[in-house]
Amino acid sequence: MLNSRETRLSAIRRRPRVRSLWVLCTTIARGISPVLLMLLKIGCYGAALWAVWVGGIRFLHLPPYLVPPPASVLASLEKLPRFYLRHAIVTMQEAGGGLMIGFAGGFVCGLLLRYGGPVGRALNPLILASQVFPKEALAPILLVFLGFGILPKVVVAALISFFPVAINTFRGLQATPVAHEQLMRVLGANAWERFWRCHLPFSASHILAALNVCATLSIIGAVVGEFVGSSAGLGHVIRAANADLGTDRVYAALLLLGIIGSLFYGATLLIEYIFFRRFTGWK
Amino acid sequence: MLIAEHISFGYDGRPVISDLSVDCCRAEIVGIVGASGSGKTTVLNIFSGNLKSHSGSVTVDGISPREAAQAQKIGYVFQSPALFPWATVEANVSVPLKLRCFHHPSSSFSGSSDNKNSERRVQWALELAQIQDAAQRYPHELSGGMKARVALARAIVYKPRLLLLDESTTGLDDIAKENLYKVLQEVIAETEAATVLVGHDLSELILLCDRVYVLRRHGVSSRIVHCEMIPFKRPRGVDLFDDPSFISTRKRLREELC
């Protein structure tokens, strides 16, 4: 059986036109197979979630005001697509802005901790002190200072994202092996060259890991800010829907938050893959 | 080329080396042999400018080791190859040429600093270290012996006046070691760098060096207790290991070491 298949394939490969078509098809298949595989995985997970959800409602006799069926959640999304899109965009803006500001601030603080000398040493207890109380508790105060707009949510998201980046940058910049450090000195490299050609590449995996974590943390920050006081955003949708027992809208907003979180996380992975693969992929 | 006179060094007040004097001239290979923990790597770190001796003086080409390092006059091959894992062999070897000090007027490299010249220099170093076939490979794709040769190519690419080798054959099998011995002798003959080699393998040091210093623990710190001239003609191969004169030299150095 196998031999006859092999014979058929070798016959195909012998004919030049058929052979080039074969090469083209296999190349395309090889290119799209990871994408197809990923879509298949997502489909499988979605189907499993759907089955657990529907099965849970049926067998545990959960009332719709507690857990609405997935069909009604999707119907809610289908009925008000512009409404959800508008609020999702607001949450994405808040989380995205917070992530960028938090990452930039955390990176600069990490640099100061590593290279700042007395400034870095003075900064260290302040950074630690800023982490001992929950940033979520700051949201009402920020609201008083900065109003009900997008800004206080961005600040909460930035505060939550800041610490992991600062600490990972600091630790990453310390992670250069001693031999490489000595090598750069023997080669006559100045402080900038040691940082740019040695410290930063060795710390890339630490910094990017912090970025991956912050991609999801920033969404938590934005939603917490929206819970405290807002007129837009998915946090606001959840709060408003909760007040009138519109659990289908709560679940729809949660579903969208999950999708946004996955998109943010995927975006950081994509950034890592495109720009920093050679610094993080060698392990 | 390298003159170290009466140098002493210690860590946190604990003396490691005392009254050490070593010299090495152009195209000469000097070995320092000592037991583990006798301070061999510390000596090389003082010669390279990574550490500063507490007393005595060290000059490389008439200037302090730190200034010599700034002018890329010192090449250092560490015990571990210390390659950049994200860069190809070629990119690793070209790292010294991308640093600003390479373009400094006091650098050992006297040519112009354009890219083509750098590329030629990298090719020259790769060929001399016999690693040109692996130029586009990454460090994790190389064997231990190949990594050692890449580290050697990187150390010679800017033609240093002083070459420091810290147990560069550690962890290599016999074939890789033999190959590296051959390459090392060719490299030093070509570059005419003053070379200081530290290790604990007596046969290796006798094979490669013109002079071997014995570093031995004397009380709390280590000092040079003996200097042996090695008279064998170059090029030297591993067949020298069976030579009666080689065996007697080895025996004499071993007695000094213990």
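**Exercise 1. The two domains of chain A**

Find how far apart the C-alpha centres of domain 1 and domain 2 of chain A lie.

*Solution.* Start with the bounds: the assignment, which is automatic or from a database, puts domain 1 of chain A at 4-59 and domain 2 at 70-280. Now look at who touches whom: 4 residues of domain 1 of chain A are in contact (heavy atoms within 4.5 Å) with 5 residues of domain 2 of chain A.

Before going on, some housekeeping. This is a predicted model, where local features need pLDDT of at least 70 and side-chain atom pairs pLDDT 80 or more, while totals for chains, interfaces and linings use all residues. Residues count from 1 along each chain as its sequence is written, chains are lettered from A and ligands numbered from 1 in the order written, and side-chain values use heavy atoms, leaving out hydrogens and water.

**Exercise 2. Between the domains**

Work out where the second largest pocket lies in relation to domain 1 and domain 2 of chain A.

*Solution.* First, the term: on a 1 Å grid over the protein atoms alone, a pocket is an open set of points with protein on both sides within 12 Å along at least five of seven lines, a cavity is a set where a 1.4 Å probe fits but cannot get out, and lining residues have an atom within 4 Å of a point. The volume here is about 410 Å³, meaning the space filled by probe spheres set on points joined across faces, edges and corners.

Then go through the lining, which includes Pro34(A), Met38(A), Leu255(A) and Gly266(A). Two helices of chain A, α2 (16-60) and α11 (247-275), supply at least two residues each; helices are DSSP runs of H or I, at least four residues, and strands runs of E, at least two, numbered from the N terminus. The top contributor is α11(A), with 7 residues. Both domains of chain A give residues to this lining, so the pocket lies between them.

**Exercise 3. The largest pocket**

Which elements give two or more residues to the lining of the largest pocket?

*Solution.* Begin with size: this pocket has a volume of about 500 Å³. Of its 20 lining residues, those closest to the centre are Trp196(A), Leu200(A), Pro201(A), Arg278(A) and Phe279(A). The elements are α4 (81-115), α9 (191-228) and α12 (277-280) of chain A, plus α3 (89-98) of chain B. Helix α9(A) has the largest share, 8 residues.

Sorting the lining by class gives 17 nonpolar, no polar and 3 charged residues, with Ala, Val, Leu, Ile, Met, Phe, Trp, Tyr, Cys and Pro as nonpolar, Asp, Glu, Lys and Arg as charged, and the others, Gly among them, as polar.

**Exercise 4. Cores and a cavity**

*Solution.* A nonpolar core is a set of buried Ala, Val, Leu, Ile, Met, Phe, Trp, Tyr and Cys residues joined through side-chain atoms within 4.5 Å; buried is under 20% relative accessible area, exposed over 50%, partly exposed in between (1.4 Å probe, protein chains only). The largest one has 93 residues, and Ile32(B), Phe47(B), Phe84(B), Val93(B) and Val196(B) have the most contacts inside it. The helix we want is α5 (144-156) of chain B, which gives 7 residues. Zoom in on Val93(B): leaving out residues up to four places away in sequence, its partners include Val122(B), Leu126(B), Val150(B) and Arg154(B).

As for cavities, the whole structure has 1 of 30 Å³ or more. Its lining is Leu165(B), Ser168(B), Thr169(B), Leu184(B), Leu197(B), Glu204(B) and Leu208(B).
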